[in-house]
Amino acid sequence: MALDCNEIHEPTETSSSVSEEVWVRTEQTKTMYAHAPLSMLAVTVFSLLLTYALWPVISHPVLMIWLCAVFLMIFFRFILVYQYRRASRESLETDRWGLLFTMGQLLNGVLWGIAGIFLFSEESIAHQMVLIIVIAGLVAGAVGSYSRKSSVIYFFTLPAITPITLKFFSMGDNVHTLVGIMAIIFTIIMVVTAYRISTVAQSSLSHQYKNLGLISSLTAEKKRAEQLNRELEAEIDERLQAQEAMESEKSYIEQLYESAQEAIVLMDTRGKIIRVNSEFTHLFGYSIDESVGNAIDDLVVPEEHRDEGRSITNTAARGEKIVRETVRKRKDGTNIYVSVLASPITIDNRVVAAYAIYRDITKRKQAEAALKESEERYRSVMEAAPDPIVVYDMEGRVTYLNSAFTSVFGWGLEALLGGKIDFVPEESLPETEDAIERLKRGETIPAMPTKRKTKDGILLNIQVSASTFMGPDRKPTGIVVILRDVTANERMAEALRESEERYRTLFEDSIDAIYLTTLDGEFIDANQSTLNLFGYSREEMKALNARELYDDTRDMRSFIESIEETGYVRDFEVTLKRKDGTKIDCLFNVSMWRDGTAKAIGYHGIIRDITESKQMLEELREAKEAAEAANLAKSQFLATMSHEIRTPMNAIIGMADLLKETPLTSEQRKYVTVFGSAGENLLNIIDDVLDITRVESGQLSLEFKAFNLKHIIDNVRDVLTIQAQEKGLEITYHISPEVPVTLTGDSVRLRQILINLVGNAIKFSKLGCVTMEIKTQHRQPVKQDNGKIELLFSVTDTGPGIPPNKLDLIFDNFTQVDSSTTREHGGTGLGLSISKRLVEIMGGSIWVDSQMGKGSTFYFTVIFLTQTETPKSPDDAITDGKKEQVDLKPVQILLVEDTIDNQLLVKSYLKMTPYQIDIAENGLEAVKMFPLKKYDLVLMDIQMPVMDGYTATKEIRMWEIRQNAKVTPILALTAFATHEDAQKSLAAGCTDHLTKPIKKAKLLETIKTYTATA
């Protein structure tokens, strides 16, 4: 083979690490071994062809020996190639491998020489042509062997060519001699050429080796430059990517900041707000301008949490993160529960700012409270249950058991919590495991009979009911098991079986219809009441399907859905058909009928005919509506009578008050006092009747205002002192030191109760005194903490006493101790009844102790709230009012009143004032007059001819809206005195509601209040 310099591989090591001779020899060896497989393939093919050609002319054994020798030589050369593939460079540098290769070449030449002798001995042209081919192969092999060592040429070519050349010369003829000479010349030329080629190749490799260092250096520099260039490009790309990432992250953070579902606030280290997001403005109600620049603690922290808020801000300013659930306030003053995350913002290990994230957890807190309340109810029900109850998780671990479980089985919750109960006997394990699998599939175990062991090893017969309960994700999270001890029941089973006939008789004799059907509705059994109810015979009933009895198939579907869902229905109302087609209203109570394995096999139930009951209920409803209509008519009648009586009484009492202000003789003043007092008594009777009506209709409401208890007691004594002095009685009172003076409640109703009781005591006492005493119910000191307090009031008189048979009746309506026509004391008998009703509405109770001939003591309790601030007394208010009335401003007043007496009364009340009054006799006239003059105040009667006060007020308000005029105060001055009347007046557009008869001082004070800015 010829040398191809392009096949020389680039050296992998520099000349500094490998010598020139070793490197050149290694490259030659690589080239030779690279062509060795192809050479061996060519030798193999040539040997097979030669064997085929020599087969007819050479002894077969000799030829086979030769062919085996050729294959052995090929195998030997293959081993050399394989060793080269796996050997290291150092092993190739040794002479051992060169020697082995030379021996291979020598053996190869000998074999080829022997083959030439055999070919030449045949002396035929064909064999001699084959011999020429053999010589060409030998020469080619010689040329190709230069790449390892030149000496191998001699050890290969000479042994192969010499025998053949000598054979040519031995023939003796000129032709063969000439061929021999040419063979020698050709061999010499080939050997010289091989030698020259080997020299040139080695010289070329030497030059390559000498340029190896420069090439390696340049290659290394090029690689280093390329590496630096790649690193620089990578660094530039990395910086560009980092910059783009920063821009993207900044945009992302900005979007995240504004789109966050939590309120986020950025603040400096002093807690001043720098920036807030839109959710902050939505959560707390402050705009961005209202927020920025303000201290976060001043803006959203309630006063009672101010220290805690500062602590959170300071913690973040110190560089610490803090998470807390607390309360914060909104702009509108409402408080909300929030979760606060406050964290510092640091640059170079220095805190430069902080941020806080607020999440509204109000709903969660409310849900937690509701959940806690639900859990408390759940535990209360579980603890109150008479049957043992145990709750497991889905792994069978105990999470709860009630006290009944401890009583029956002996284990307490502390011993079993988080563990498992070993109380299932061996015989009950299969059915228990099956029940657990059914529960895991979502089924319910209703009343499964089984056995369980107690802590002491006692075996009990148990009826187990169990079901799973779901978590928030609607997946089973636990199992509730109810165990009923039926040991005693089963002991009674035999007795029950003995009494079966007795119960069968009861079944047949029951007045209710009792029946038993299959799941498909086919009747299995029915008692006589069922047959009587529907009009069928027993044979007809058994041939009947229960679904045929329904008048409306929707009722049937609803019944089936209900009983399949729960296993029973209770008080299911439905309309059924009798045999004759008549319809009856019935009430179902039906349960699922199950066999011993708890499998549903039918229904058993009770049907009750409620047709007559429904008719009775309808009649009762109509009677109730009639009673309510009558009660409404009574209330309307009483309201009308109150109005009709109050209207003239307004003039009577008002004129009496005005008459008292004129010079009178003592006798005249006495007369005026009498008819004034009579008028007040009449008004009290009217108020009592109205109060009874309000209480009975549930329309009486209480007011909760701060008041001074001592002022109320003093007022009661002042009001009744004249009445007591006329009978020579003294009114005294005592307030225990532990009783707080400042309270919150309905002082008006308290005063009404005391006036009724003290007035009765004065009325029934002839000598002595009437004593009021107030103390706490439990005689304990009271803390001034705005808490509840129950006070005990007592009113003691020195009257004749109350007979024992009358003690239970004196609080009834229109009841008096002396009900004879000649009774000494007057009155309606409503005072004590109203007092009792008022006390009960105020959360207390009332009772009486009495001894005949010694007097009576009335007790009552009322619950109030304690108050820390002391309200002004009525006297202070009157004094302040007098000071404010020193200078009255001129005011234009429109009086709308159809009664001349009341017109005169109001004009008389105001004649000494700078107030100017115009009078309209009905609502229509008032509507016409109002736009013609600027009025500062309107006094509006309600019940008038032509147009009432409600309509007139609405018309005036509409005119003011159309004219965009200032709203004029309109005071309803009317004899309608109920709370509903007051609400109706305000709804019509009135500013306030005043009830007739009205006192002069009250009217003047009200006018001044509503015209102060006129």
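## Sheet and aromatic pairs

Glutamine 463 has arginine 484 in β10 as its bridge partner. This is a predicted model, where local features need pLDDT of at least 70 and side-chain atom pairs count only at pLDDT 80 or more. Residues are numbered from 1 along each chain, and side-chain values use heavy atoms.

Strands β9 (residues 459-470) and β10 (residues 476-485) pair in the antiparallel sense over 9 bridges. Pairing requires at least two DSSP bridges between two strands. Strands are DSSP runs of E, at least two residues; helices are runs of H or I, at least four. An open sheet of 5 strands has the order β7-β6-β10-β9-β8, with antiparallel pairing. Its edge strands are β7 (398-401) and β8 (445-453).

Aromatic rings of Phe, Tyr and Trp (its six-membered ring) pair with centres within 6.5 Å; planes under 30 degrees apart are stacked, over 60 edge-to-face, the rest tilted. The count is 19 aromatic pairs. Two of the pairs are tabulated.

| Pair | Centre distance | Plane angle |
|---|---|---|
| Phenylalanine 284, tyrosine 358 | 5.4 Å | 85° |
| Phenylalanine 409, phenylalanine 423 | 5.4 Å | 80° |

Phenylalanine 284 lies in helix α8 (residues 278-284) and tyrosine 358 in strand β5 (residues 350-360), 74 residues apart. Phenylalanine 284 is buried, at 0% relative accessible area. Buried means under 20%, with a 1.4 Å probe and protein chains only. Tyrosine 358 is also buried, at 5%.

Phenylalanine 423 is buried at 4%. The charged end of arginine 452 sits over the ring of phenylalanine 423, 5.5 Å from its centre. That term requires CZ of Arg or NZ of Lys within 6 Å of the ring centre and within 35 degrees of the ring normal.

Notes
Buried means under 20% relative accessible area, exposed over 50%, partly exposed in between (1.4 Å probe, protein chains only).
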